[in-house]
Amino acid sequence: MGVLSSPWARHVRSAALFAVVLSILALIYLRSHDRYTLLQKDRSQPPLLDPTVTTSFGLAPGHNPILPNELAVQGPWKAHLPAYVKTNQKFTISLTCTYATEEGWCPSSYILWFRGSTSLVVPHDPHHIRVLDSQNKIVEITFAIKDPGVYEVWAWPEHEECERFKEMKYPLSNALVQGTPYKITVEGAAPEEGYGACVEDAPEGRWVSTEHIDPGHKSDTWARSYQNSHGQWRSAFIYQPYSCKRTATLPATLDDPSLSDVKHVLYIGDSTTRGPYCTHTYPMFHGGKIDGPCAYTHDYECWKEYQMRLTRSFTYRTPKGKDTAWSLLFQGEPGRPAYHVQALERLLEHPLGPPSHVVINFGLWQAAKTENEYAASVDEMLAFIHHSLPNAHITWRLTTSIFRPAGCYDFNHLARPMTRMQSHVGREMVKKWRKKGMRVVVVDGNGLTDSRPDTSADGRHWVVEGPVGALEAKPRIGEAQLGIDEWIWDEWRRANGKLEHIPYVPSSNAVEVMKRAIPCAMDNSRTDRKRNRMCREKVN
């Protein structure tokens, strides 16, 4: 008997044939579920971005890109960077402080913003930033860019203290590095793109310039969701992963089967949560109007009532008749009396059911806490939510970034290093509670805002509440928050159909858990209660 006709050889041939058949079936499955784009680039598609497009982004020469109506002021720092780099290859920028070191004007870090076919900011991270001497005279920053194109490079010092700049007519905290904006050309192949729905956890992405999107993609379904009725882009940049493409958040999409689980959304957080709730979420469901629970008042006596109101809620019926609820619990500074237990329980006993989805962040009010102290606060909050709503879908939105050139604050250590620390803590706490069975995900609000300094209202808020005059001077305010909302909705789609809605039944110790977990900024004195009641009558 020959070797090729032996039982062993026949077994090998059968196994090989079985493997081929299995591979073909797997490929058919992936194609039918829109996941093939995650594994292979569609060669028939043009690249997402056209790197040959050049634009000034509507900025007049010599003006500040963060404050477009103001002229740019330059300070005692210089940068040295290459004119050409390759995609995905690290390059180094050297920044030199030219001022007398004894004056203390030499920062230990700089903010570098690359704006071209994509919008990127170098993270405040020791992996990227290195100080070469004890007096901060020379700082080296290492970075890599994935998308080819011609980029503007804007640079600011990142001082550790702000107070010394407060009385300056042209604060050095706002000043640009000399010579900015620089130009840098990134050459090389475009990254591979997927154009299907996002099915993986936290896919890597970046802000892409809508002016640079290839016309061949403008008619794609995902792209049309970002355009107005005239086919014009609504935003200068949109956040898109490499491996898949998201769609804009629109009320009509709530009728889509992929969002059928969304019934009652509860937001918990400080002003960086209340602002988007009242300026994005509420008007999205009310034809652009901001009234009702989000009505803003110019009356100074009533402003605290607007800012510190414990709860807000409204309902929305979709075009196909689906009823949804959207609620907010304001979480203020720690150390004050706990939330009104009754107010929270009323939301949990809402006619449309307890919250099916919860979006949480508290960070800026707890900025003075150490890493361990902040971790304890996050742990307590997640424990409370898991105890009260064990079957809800939870999103932990990482603390938004701080951009000091737009507004320098010393109180509470409001700076990028603090937000990076809180983001690290948030990720670790989510990992911990996932192991305990909690349905919780992370949305990187820190990274999305960090790379869009042009969208900050004042350096720490990313929308404008109340008077909209600031939008005329800074028209991009709010775009970073839109990217955060789109990511949150995408996580809801991924989890759809996996939630079991069980009625909320408070346990005997729920009140005590709540008091420890949710500190509140409202003074519950009789005087405040009377003033708040009067203000509600004025506002409503």
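A residue counts as buried when its relative accessible area is under 20%. Keep that cut-off handy for these exercises on a predicted model.

**Exercise 1.** Work out how much of the protein is buried and what its surface is made of.

*Solution.* Start with the residue count: the protein has 540 residues, and 53% of them count as buried. The accessible surface is about 24900 Å². Carbon and sulfur atoms own 54% of that area.

**Exercise 2.** Describe the fold in terms of its helices, strands and contacts.

*Solution.* First, the elements: you'll find 13 helices and 18 strands. Then take the contacts between residues at least 6 apart in sequence; 75% of these join residues at least 24 apart.

**Exercise 3.** Decide whether Ser109 is buried or exposed, and find its contacts.

*Solution.* Step two is to check the cut-off. Ser109 has 2% relative accessibility, so it counts as buried. Step three is to list who it touches. Leaving out residues up to four places away in sequence, Ser109 contacts His124, Ile129, Pro157 and Glu158.

**Exercise 4.** Find out which elements build the largest nonpolar core.

*Solution.* Begin with the members: this core has 30 residues, and those touching the most other members are Leu254, Tyr267, Tyr277, Trp326, Trp489 and Trp492. Now for the suppliers. At least two core residues come from each of β12 (237-241), β13 (264-269), α4 (271-284), β14 (311-317), β15 (323-330) and α11 (479-495). Finally, α11 gives the largest share, with six residues.

Conventions:
Residues numbered from 1 in each chain as written. Predicted model: local features only at pLDDT ≥ 70, side-chain atom pairs only at ≥ 80, totals over all residues. Heavy atoms only, no water. Buried < 20%, exposed > 50% of the residue type's maximum accessible area, 1.4 Å probe, protein only. Contact = heavy atoms within 4.5 Å. Helix = DSSP H or I, 4+ residues; strand = E, 2+ residues; numbered from the N terminus. Areas by Shrake-Rupley, 256 points an atom, 1.4 Å probe, with all protein chains shown as cover. Core = buried A, V, L, I, M, F, W, Y, C linked by side-chain atoms within 4.5 Å.
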